[in-house]
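Visitor: I am new to this structure, and I would like to understand the words that are used for it. Could you show it to me and take my questions one by one?

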Amino acid sequence: MYITSDPKDKVYKDLLDLAFSECEQFILVVRQNARQGDIPSETMNNVLKGLSTFLIEKKEQYEWPGTRLWSGRDCFGRQQKPALVYYYRTQDGAKKILLDAANSLYSWLQPNLLEDLSFIKKQKPWLISTSHERQAYFETDDEYEIKKIESIKGLEVKTRESIRKNRPKVIYVNDPLNLECVFCKGNLHEGDIAPERSFVCMGCINNGLAICNVDRRIFDPQKINKDDLRIQDTQTLKIGEFDLLEYINKDFLDRKGGLCSKKCFHLFYLNQCIKHLQTYLNLASDNDETTSEIINEIRNNEVNQYILKNKIKQLETIKLIY
Ligand SMILES: [Zn+2]
Ligand SMILES: [Zn+2]
């Protein structure tokens with residue numbers, strides 16, 4: 001049973017009342033692969049401190065209800081870190097903290113707060129939420145429980161079945177960001193240059209119009225010559241046995257769409273190569289400890305840094321040909 005809009009204020013409170021009366025535990029999550037600027041906020045630290053009396057345990061996990069993280073290495077060779085999952089008892093004092101810290105279910109997001117407030121009943125997930133995706137659902141077949149859920153005033157829920165049946169044909173038009181499709185508005189045509197941050201709805205994409213990611217030209221992907229969207233001159237940069245650009249080359253092998261011409265394809269390819277190498281340089285120059293061998297090899301050897309910088313210069317020059 002899915003929740004179809006973010007439970008706020010009174011609805012959020014009633015939902016917590018029910019979840020606290022049904023379940024023995026709740027969880028909150030902290031992801032450790034912090035994006036830049038994701039420093040734990042004061043609010044988060046206060047919540048952690050306040051909830052500490054209700055803590056059952058804290059575990060490192062790659063998986064929790066509703067989410068599974070990639071547990072290998074990323075494209076820069078860094079080992080991905082597991083998330084910290086906090087398990088708490090559903091006691092009134094804890095509920096008060098959850099109510100004071102947030103006024104809706106999907107407000108549980110880093111960096112401001114912990115994430116993915118979910119409830120566990122008899123060792124099984126009961127209410128699962130994924131704040132990033134703005135998604136939440138109940139895992140229950142118990143009719144009595146379902147009645148109680150449905151009796152929460154203002155809580156919008158749908159069964160899996162009814163969602164499937166009522167799925168609208170153009171699904172992204174009512175995007176949460178309230179974007180309006182440039183083609184549906186009606187004043188743009190093939191060959192025009194679309195304004196910045198234009199949005200195209202699923203219906204128009206299916207009708208064959210797209211905006212180029214490089215020059216924003218409106219084009220019909222059906223009319224593109226597939227040979228134009230193939231790398232002509234594969235770029236590589238080896239440090240030892242490791243090719244720093246292999247990841248980009250693989251990514252471009254099966255890249256489809258979003259690029260209107262041979263010129264745009266190659267500019268995009270070269271820009272991605274430059275960006276990737278620049279990221280290696282940035283990662284090597286900040287002094288955070290890393291699990292990536294290749295980043296360490298760049299960090300500890302000036303010759304390698306020189307090779308990277310040179311390659312970037314060379315790529316910038318090739319761009320001028322197009
Ligand atoms: Zn449209
Ligand atoms: Zn283009």
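This is a predicted model: local features need pLDDT of at least 70, side-chain atom pairs count only at pLDDT 80 or more; totals for chains, interfaces and linings use all residues.

Visitor: What makes an atom a donor of the zinc ion (ligand 2)?

Guide: Donors are N, O and S atoms within 2.8 Å of the metal (3.2 Å for Na, K and Ca), and because water is not among the atoms, sites may look incomplete. The zinc ion (ligand 2) has Cys-212 (SG), Asp-215 (OD), Cys-260 (SG) and Cys-264 (SG) at 2.2 to 2.3 Å, so these atoms meet the cut-off. Along the chain, the donors are spaced as C-x2-D-x44-C-x3-C. Asp-215 sits in the loop between strand E11 (210–211) and strand E12 (218–219), and Cys-264 in helix H9 (residues 262–285), so this pair ties together parts that are 49 residues apart in sequence. Helices (H or I, at least four residues) and strands (E, at least two) are DSSP runs, numbered from the N terminus.

Visitor: Why is the site of the zinc ion (ligand 2) called tetrahedral?

Guide: Four donors count as tetrahedral if all angles lie between 85 and 135 degrees; four count as square planar and six as octahedral if opposite donors are over 155 degrees apart and all others between 65 and 115, and anything else is irregular. The 4 donor atoms of the zinc ion (ligand 2) make angles of 88 to 119 degrees, so the site is tetrahedral.

Visitor: How do you know whether Asp-215 and Cys-264 are buried, partly exposed or exposed?

Guide: Buried means under 20% relative accessible area, exposed over 50%, and partly exposed in between (1.4 Å probe, protein chains only). Asp-215, at 30% relative accessibility, therefore counts as partly exposed, whereas Cys-264, at 2%, counts as buried. Cys-212 has a relative accessible area of 0%, so this residue is buried too.

Visitor: What makes the rings of Trp-126 and Phe-138 an edge-to-face pair?

Guide: Rings of Phe, Tyr and Trp (its six-membered ring) pair if their centres lie within 6.5 Å; planes under 30 degrees apart count as stacked, over 60 as edge-to-face and the rest as tilted. By this rule there are 11 aromatic pairs. In the pair of Trp-126 and Phe-138, the centres are 5.3 Å apart and the planes stand at 75 degrees, so the pair is edge-to-face. Because Trp-126 lies in strand E8 (residues 124–130) and Phe-138 in strand E9 (residues 135–138), the pair ties together parts that are 12 residues apart in sequence. The rings of Phe-252 and Tyr-269 have their centres 5.1 Å apart and their planes at 70 degrees, so that pair is edge-to-face as well. Phe-252 belongs to helix H8 (residues 246–253) and Tyr-269 to helix H9, 17 residues apart.

Visitor: Why are strand E3 (55–61) and strand E10 (157–158) said to stand at the edges?

Guide: Two strands pair if DSSP finds at least two bridges between them. The open sheet has 8 strands in the order E3-E6-E2-E7-E8-E9-E1-E10, with antiparallel pairing. Strand E3 and strand E10 each have a single partner strand, so one side of each is left without a neighbour in the sheet. E3 pairs with strand E6 (residues 83–89) over 6 bridges, and Lys-59 has Val-85 as its bridge partner in E6.

Visitor: How do you know that the buried residues of helix H3 (residues 92–101) line one face?

Guide: In H3, Ala-94, Lys-95, Ile-97 and Leu-98 are buried. The arc is that of the directions from the helix axis to the C-beta atoms, and the buried residues of H3 fall within an arc of 160 degrees, so they line one face of the helix. The face of H3 turned away from that buried side carries the exposed residues Asp-92, Lys-96 and Asp-100.

How values were computed
Residues are numbered from 1 along each chain as its sequence is written. Chains are lettered from A and ligands numbered from 1 in the order in which they are written. Side-chain values use heavy atoms; hydrogens and water are left out.
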